[in-house]
Amino acid sequence: MAGDGTLALAALLLHAVAFLVLAVAAPLRRLGRPAGYVSILCAAGSLAAAVLSWRAHAGEAISRLVWTWLPTEGQTLATVGVLADADSTLMLTLVALVALLVQVYSLGYLSDESAPALGRYYAYQSLFAFSMMGLVLAPNFVQLFICWELVGLCSYLLIGFWYQRPAAARAALKAFWITKAGDVGFLIGIVLLWRHTGTFDLAEMRVLAGNGAIPLAGLAVITFCIYLGAVGKSAQFPLHIWLPDAMEGPTPVSALIHAATMVTAGVYLLHRTDWLFALTPDVLAIVVWIGAFTALLSAVLACVQTDIKRVLAYSTVSQLSYMMAAIGAGFSAAGFFHLLTHGIFKALLFLGAGAVIHAAHSNDLTDMGRLARRMPQTAIVFTVGALSLAGLPLFAGFLSKEEILGAVRAGGFTAPFAMLILVAFLTAFYMFRVVFLAFFAEPVALHAGAPVAAGVGAHASHVADAGHHASHAAAGVAAHEPHEPPASMLLPLWVLALLSVAIGVYFTFVHPEPEFTSPAWLMPVAVGSAVAGILLAWATYQRRAIDAASLAAAFGPIYRSALARFWIDDVFERAYLLAILGFSRVIGWIDRYLVDGVLNMLSAWTVTAADDLRTMQSGRAQDYVYGIAVGLLVLLLWVQFG
Amino acid sequence: MTADAVAFWCLAVVLVGSALAVVLTKNLFHAVLWLALALTGTAGVFLLLDAEFIAAVQLLLYAGGIVTIVVFAIVVTERLVGERISQTSRRIAGGAVVAGGVLALILNAVRGQVFPAARPEMVGDLTRTVGETVMTRFVLAFELLAVLMLAALMGAIYFARPDD
Amino acid sequence: MGLQAYLTLAAIVFCIGLFGVMTRRNTIGILLGIELMLNSVNINLVAFGRYSGDVTGMVFTVFTICITVAEAAVGLAIVILLFRVRRTVTADHLDLLRG
């Protein structure tokens with residue numbers, strides 16, 4: 001029973017049931033919280049099923065449960081169903097867990113929302129969870145692509161949840177179109193791959209790849225196209241620009257979609273098809289370099305953000321790039337491992353940030369400070385998350401990050417390896433910058449003459465859900481009096497924090513069988529760079545022994561470029577405008593001179609020809625008789641001699 | 001040469017000659033008279049074809065009726081103008097070529113066909129047969145013709161009514 | 001005499017009528033040409049009827065003559081009316097419908 005994929009299917013379908021119930025039963029949806037309970041109930045059942053399914057598939061057990069779809073000429077073009085194995089059920093469990101926790105958390109976080117909006121939110125959440133699970137369990141590329149697009153749609157809907165706000169609507173569109181750009185490549189890649197191998201099925205394709213039956217000629221183009229899809233979804237350079245803007249959505253959404261699950265779909269895809277990518281080492285090298293570069297770029301960007309969610313967003317980009325780098329180095333298991341641990345602690349960080357925003361009514365780090373006193377529990381779990389992200393021993397990110405570093409080094413990529421070490425340092429620095437600024441240091445506003453390293457108000461417009469909360473706070477009693485969040489929010493935080501620690505402790509002592517050998521100095525170097533980052537953050541923002549401004553000045557050009565987001569967004573905007581305007585101009589020219597020109601010419605000809613023909617119409621009856629007679633003559637000639 | 005053939009040739013000469021005169025005479029009044037002659041000649045042709053009744057109708061209606069109407073019209077218009085209406089032609093060459101071409105082609109078509117040389121013997125009275133056919137098989141058309149005549153008559157009176 | 005002779009005669013008269021219609025300047029002259037053409041058609045009808053032993057051709061001739069008379073009456077009425085209004089019987093002057 002458990003081994004045949006039914007449980008995985010149940011986990012998948014429970015969310016679909018929740019979505020359908022909420023979508024069809026509009027009165028229930030408009031009730032708000034009861035709608036949430038329906039979703040949460042289904043999510044809980046889904047989690048149970050996912051865990052059981054994971055236990056059943058640990059090891060080598062693989063079960064396929066597929067139905068024929070799109071039959072063509074006696075054979076099946078595509079199927080739908082589930083492909084449950086160790087990786088997919090593990091991922092399934094992560095998705096189910098985070099989805100459940102986020103849904104519980106949302107009850108508290110979005111308690112100020114109107115009932116219909118809340119119902120809508122939960123309907124989207126269920127749809128997302130269903131789509132994501134469908135993606136994870138997809139037995140073939142067709143289902144995978146459909147779910148891939150579905151999660152993109154949910155991402156769009158949830159980023160634009162507060163669609164009345166122009167910034168949110170714009171961010172939703174941006175996310176949608178930028179990821180679409182990658183998806184085009186993905187779709188082309190899938191179709192090309194089908195022509196190449198004659199199947200969409202992952203398992204069949206894997207057998208083919210194992211037999212060496214897939215021709216290598218042209219395969220690099222295909223894998224690169226598929227990688228393009230991952231670039232869009234997992235926010236790799238240069239398509240990473242949508243993710244920070246996606247923070248316009250509610251924080252739980254950011255935690256679920258834009259940290260733990262959807263954005264990792266690209267990494268998951270590459271992990272899922274690593275046997276295919278292994279055939280094209282050139283593409284893998286591109287993956288490593290782009291991964292390392294994106295990791296460094298976004299880590300630098302994260303250091304200058306003042307918006308707490310944007311720091312986390314860039315951190316997510318950076319960590320996703322870490323995973324990509326490991327996969328590119330040929331050790332996709334390491335990337336997948338980091339994906340799982342990252343999913344846990346990044347969800348924790350986002351939810352913690354949400355609690356902080358909930359309490360401080362602001363996204364801006366400069367508005368915070370000494371929050372640890374007011375909300376000690378949040379401070380603890382957030383610090384746990386930060387330590388995990390920094391990769392310290394006993395915490396979740398420790399081993400997975402080290403694995404990645406080892407993988408990249410073992411893959412023979414020295415320069416990317418160095419970049420990633422630097423990123424490890426930066427990661428610790430920007431994470432603890434947030435921790436100190438938000439929870440422990442004096443509020444900046446009180447600390448006269450010490451502007452934070454980041455340009456204050458550089459992104460003042462990005463006060464995402466803070467402004468939303470502030471408006472509610474104005475109506476509430478204790479305005480601007482930070483307090484511990486309600487139990488519905490604390491519970492998920494603690495669950496995630498304990499999981500992070502548990503995973504960390506477990507893997508600190510139980511090393512899994514490594515696929516490669518890492519030198520002994522790797523772990524001290526990794527941990528050392530992280531500790532150095534933490535210390536620098538402490539010295540700068542807690543003790544203020546190092547002036548943040550002078551630190552910024554020391555990295556003058558980099559600092560200023562980072563503030564401008566390295567002008568990548570501007571380049572995109574310009575390119576977009578240029579392309580659109582150029583295209584419009586071409587179209588305009590064609591319309592004006594070709595389409596209209598032809599029409600004008602035709603009409604002019606018609607007029608002149610009619611003017612000429614008009615003279616035939618003499619108005620004299622006899623001329624017409626003459627014409628008839630000539631016509632008769634011609635007719636007779638034709639009949640007799642034609 | 002039989003009597004029929006002699007009669008035919010004579011009638012043909014009269015007919016063609018008067019027809020040419022109709023279209024070529026300068027004097028309109030003379031042209032009408034030539035037309036009367038042509039119509040009478042046609043009546044003769046009908047007689048040759050054993051159609052006495054048609055010949056009678058031709059003489060009464062055409063030669064009598066139409067010619068009278070036309071003469072009336074000429075007289076009326078001439079009186080209105082106050083001068084004799086002579087008529088001239090134009091595009092004679094072009095008209096001749098076209099009309100000649102049409103004629104040549106029709107004759108060419110006629111020549112190529114095989115026609116019954118002898119006419120079948122008519123049994124009984126042809127006039128009576130025509131009358132019976134008109135009153136039986138074509139009675140509806142006949143009635144409609146009556147309506148048409150009435151309408152034409154009223155239209156003609158309406159058009160030609162004196163100025164108020 | 002064979003049918004052919006009558007058809008030839010009718011064709012000649014028809015073309016003379018056609019020539020008249022095309023060349024006459026006077027409206028009444030045109031009407032005369034039309035009468036000639038119709039007349040030749042009648043010859044055809046009667047000749048065909050006689051040679052095929054069928055009276056239908058002759059019945060049609062009766063009809064045609066009647067219609068022709070009606071046409072002549074209306075046509076000449078129009079000519080008189082036109083003359084009254086436009087003071088001309090020259091067909092070339094009647095070109096109100098010129099394009």
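Hi everyone. Let me start with a count of zero: there are 0 salt bridges between chain B and chain A. Please keep in mind that this is a predicted model.

So what does the contact of chain B and chain A look like? Chain B brings 11 residues to it and chain A brings 12 residues. Together the two chains bury about 930 Å², and 65% of that lies on carbon and sulfur atoms. Which three residues supply more of the chain B side than any other three? They are Arg91(B), Val98(B) and Leu105(B), with 53% of the area that chain B buries against chain A.

Now turn to chain B and chain C. Here 85 residues of chain B touch 65 residues of chain C. The area buried between chain B and chain C is about 6900 Å², with 79% of it on carbon and sulfur atoms. How many salt bridges are there between chain B and chain C? The count is 1 salt bridge. You can find Asp50(B) paired with Arg50(C) in a salt bridge, where the closest N and O atoms are 2.8 Å apart.

Over all chains, a search of the whole structure turns up 10 salt bridges. One of my picks is inside chain A: Arg272(A) forms a salt bridge with Asp85(A), and their closest N and O atoms sit 3.1 Å apart. Arg272(A) belongs to helix 12 of chain A, while Asp85(A) is in the loop between strand 2 and helix 4 of chain A, so this pair ties together parts that are 187 residues apart in sequence.

Let's stay in chain A and look at two helices. The axes of helix 14, residues 281-304, and helix 15, residues 308-328, of chain A come within 7 Å and cross at roughly 160 degrees. Because of that angle, helix 14 of chain A is roughly antiparallel to helix 15 of chain A. The crossing of helix 14 past helix 15 in chain A is left-handed. By class, their contact has 15 nonpolar, 7 polar and no charged residues. On the helix 14 side you will find, among them, Leu284(A) and Val288(A), and on the helix 15 side, residues including Tyr314(A) and Met324(A).

My last stop is chain C. Helix 2, residues 27-52, and helix 3, residues 56-86, of chain C have axes that come within 9 Å and cross at roughly 175 degrees. That makes helix 2 of chain C roughly antiparallel to helix 3 of chain C. What classes of residue make up this contact? There are 12 nonpolar, 8 polar and 3 charged residues. The residues from helix 2 of chain C include Glu35(C) and Arg50(C), and those from helix 3 of chain C include Glu71(C).

Conventions:
Residues are numbered from 1 along each chain as its sequence is written. Chains are lettered from A and ligands numbered from 1 in the order in which they are written. This is a predicted model: local features need pLDDT of at least 70, side-chain atom pairs count only at pLDDT 80 or more; totals for chains, interfaces and linings use all residues. Side-chain values use heavy atoms; hydrogens and water are left out. Axes are lines fitted to C-alpha atoms, for helices over the stretch in contact, and angles run from 0 to 180 degrees between N-to-C directions. Helices (H or I, at least four residues) and strands (E, at least two) are DSSP runs, numbered from the N terminus. Angles under 35 degrees count as roughly parallel, over 145 as roughly antiparallel, 65 to 115 as roughly perpendicular and the rest as oblique. A crossing is left-handed if the near helix is turned anticlockwise from the far one by less than a right angle, and right-handed if clockwise. Contact means heavy atoms within 4.5 Å. Ala, Val, Leu, Ile, Met, Phe, Trp, Tyr, Cys and Pro count as nonpolar, Asp, Glu, Lys and Arg as charged, and the others, Gly among them, as polar. Buried area is the accessible area (1.4 Å probe) that two parts lose on being put together, summed over both. A salt bridge is a side-chain nitrogen of Lys or Arg within 4 Å of a carboxyl oxygen of Asp or Glu.
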